[in-house]
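Here is a short report on a structural model. It covers overall dimensions, the nonpolar core and confidence.

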Amino acid sequence: MFYREAGQFKASYQEDQQIFPIRQDRIGFWVAMAFLFLAVPMIANQYWLQAILTPVLIFSLAALGLNILTGYAGQLSLGSAAFMAVGAFGTYNFMLRIDGMPFLVALVLGGLCAAAVGILFGLPSLRIKGFYLAVATLAAQFFIVWVLVKFGWFSNYSTSGVITAQQVEIFGFAFDTPLLKYLLTLVIVCVFALFAKNMVRSATGRKWMAVRDMDVAAEVIGIRLMGTKLQAFAISSFYCGVAGALYAYMYLGTVEPEGFNLDLSFRILFMIIIGGVGSILGSFIGAAFIVLLPVFLNVVMHTSIGAFVPPNIAANLELIIFGGLIVFFLIVEPHGLARLWQLAKEKLRIWPFPH
Amino acid sequence: MAREIGEVILDLQNISLRFGGVKALTDISFNVREHEIRAIIGPNGAGKSSMLNVINGVYHPQEGTIIFRGEKRREMEPHMAASQGIARTFQNIALFKGMTVLDNIMTGRNLMMKTNFLHHALFWGKAQREEIEHRKKVEEVIDFLEIQSIRKTPVGRLPYGLQKRVELARALAAEPSLLLLDEPMAGMNVEEKQDMCRFVLDVNDQFGTTIVLIEHDMGVVMDISDRVVVLDYGKKIGDGAPDEVKNDPKVIEAYLGTSH
């Protein structure tokens with residue numbers, strides 16, 4: 001009854017092309033933004049900012065990167081964590097080796113390194129598709145981690161390749177508290193999410209989706225498959241690389257190559273599957289789901305049955321419920337939580353009537 | 001009719017196409033004149049679709065030459081054909097299922113868009129102007145094919161007949177000079193066929209687009225085409241005006257059949 005576009009007429013194509021064509025959505029978006037930028041800093045404590053909200057944002061960015069590649073361009077990849085590693089180590093080396101390197105520039109350069117590596121490991125996509133491509137991208141996963149461990153230069157010859165992120169300063173202003181790190185991450189993620197949304201709603205995104213949905217037809221109307229696929233790999237890896245650098249600089253502080261293992265790649269893949277393949281919002285929902293749900297379950301366990309069950313059984317129970325919920329949501333909506341949200345909105349438009 | 005059939009724009013000479021030991025096309029020659037509607041008919045497996053695939057570069061013939069607008073070529077990539085103004089539709093609908101009707105048709109204009117992904121990421125100024133400019137053209141196509149009401153619908157949800165129409169819209173959005181239609185009326189009921197015939201004739205008449213079409217409905221073919229080429233087992237067995245072809249004993253034996 002409250003959510004419908006009745007009476008909202010579009011008088012120009014520009015109005016019709018807005019990201020949120022419905023006024024209620026725009027209001028909802030700005031409320032959410034105000035909450036993240038204003039309310040969260042006031043109410044959240046250090047633990048929440050540092051251990052939950054910042055990683056959710058960083059994983060959202062990585063999931064966004066993978067979603068560009070897998071969800072929009074249709075190329076399956078299991079190398080996301082490796083591209084994150086390239087971004088993290090790239091940014092670290094630019095900061096380390098160039099005096100007075102501004103952090104944001106190093107971040108972008110680190111992302112560009114990841115993009116270059118992404119193009120390289122995207123080359124098999126020109127010949128192979130689907131699961132076979134996923135297996136080919138596994139090569140990136142193992143090879144890059146191996147290179148970073150094997151050649152000490154990348155980690156400035158520290159033991160077992162551990163790097164410690166330098167202090168982040170932007171225009172002489174140090175980002176050293178969890179709150180400031182959260183805000184900086186939030187700004188970066190918002191900007192990149194906007195860029196991603198803009199790309200997928202314009203010709204770039206249409207080319208990706210055309211290649212995903214029907215590559216022969218795409219070719220026949222003049223889309224070059226090679227360029228489009230490699231572009232998707234580059235942009236996706238750039239996003240993952242920036243996420244990796246934020247992972248090191250804004251979240252953990254110290255990272256090692258082994259931290260960017262296949263496990264992390266799978267987590268990011270699960271995020272987009274649960275959140276919604278081919279959806280910007282889905283990347284955020286998926287990341288929040290995968291990061292928050294275990295925390296939530298843990299709290300619930302402790303407050304409810306924690307007193308009666310030994311801690312080791314409670315811990316396993318959490319994992320079982322976590323897995324069960326993932327399966328449940330996939331059965332309820334195989335297209336992810338973002339689709340559920342979309343369906344809810346469609347229902348809401350005609351509520352209280354069924355049709 | 002206002003349009004006048006002009007010079008030969010596409011000349012196929014001695015085309016042969018093999019897949020391993022299978023001869024799909026053997027020594028086929030025919031031409032297409034500007035502004036005409038040229039039909040290709042023949043029984044199943046005669047090589048009609050292969051012929052279209054040769055024309056727009058999906059298949060590369062082993063022998064023969066193709067002269068398109070005075071330019072001689074043996075083979076080309078599909079995107080090159082697209083940039084020369086050849087568009088097509090497919091026998092089995094080849095739309096982008098996950099995208100809306102509008103996005104599908106907008107994709108048809110991709111070759112005319114000059115901005116790159118960096119402009120798109122900002123979606124400001126040049127990119128936005130270009131998007132709106134092309135949207136206007138796309139809306140003209142949408143009006144022309146009378147699909148205004150479904151422009152925001154994902155194509156996967158549309159019925160078959162409308163999907164065929166959207167595919168034609170996507171091809172038209174590229175403003176082609178040569179349009180290849182692979183069975184545009186297959187699986188349609190009488191009304192849908194009539195609509196489609198009207199659209200094909202209107203495209204030909206209003207935009208002067210040259211059309212090569214494959215169709216099994218003989219009534220349609222004989223009514224709307226200017227010249228017909230008949231294939232059987234990868235060989236050309238007839239070529240000429242509909243009336244000539246209809247009465248050609250070889251064509252009757254191979255394809256049209258006689259009443260007993």
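The text below goes from chain to core to confidence.

This is a predicted model: local features need pLDDT of at least 70, side-chain atom pairs count only at pLDDT 80 or more, and totals for chains, interfaces and linings use all residues. Residues are numbered from 1 along each chain as its sequence is written, and chains are lettered from A and ligands numbered from 1 in the order in which they are written.

**Chain A.** Chain A holds 14 helices and four strands; these are DSSP runs numbered from the N terminus (helices H or I, at least four residues; strands E, at least two).

| Property of chain A | Value |
|---|---|
| Box of C-alpha atoms along the principal axes | roughly 65 × 65 × 45 Å |
| Radius of gyration | 21 Å |
| Buried residues | 44% of 355 residues |

The radius of gyration is taken over C-alpha atoms, and the globule rule is 2.2 Å times the number of residues to the power 0.38. A compact globule of 355 residues would come near 20 Å, which agrees with chain A. Buried means 20 or more other C-beta atoms, placed from the backbone, within 10 Å of a residue's own.

**The core.** The largest nonpolar core has 167 residues. Such a core joins buried Ala, Val, Leu, Ile, Met, Phe, Trp, Tyr and Cys through C-beta atoms within 7 Å. Its largest share, 17 residues, comes from helix 10 (residues 225–252) of chain A. L61(A), A85(A) and L246(A) have the most contacts inside this core. Beyond four places in sequence, L61(A) contacts V189(A), F192(A), Y239(A), V242(A), A243(A) and L246(A); a contact puts C-beta atoms, placed from the backbone, within 7 Å.

**Confidence.** The complex has an ipTM of 0.90 and a pTM of 0.92 from the predictor. Chain B has a mean pLDDT of 90, with 97% of its residues at 70 or more; pLDDT is the predictor's confidence in each residue, from 0 to 100.

Definitions and conventions:
Buried ≥ 20, exposed ≤ 12 C-beta atoms within 10 Å, placed from the backbone. Contact = placed C-beta atoms within 7 Å.
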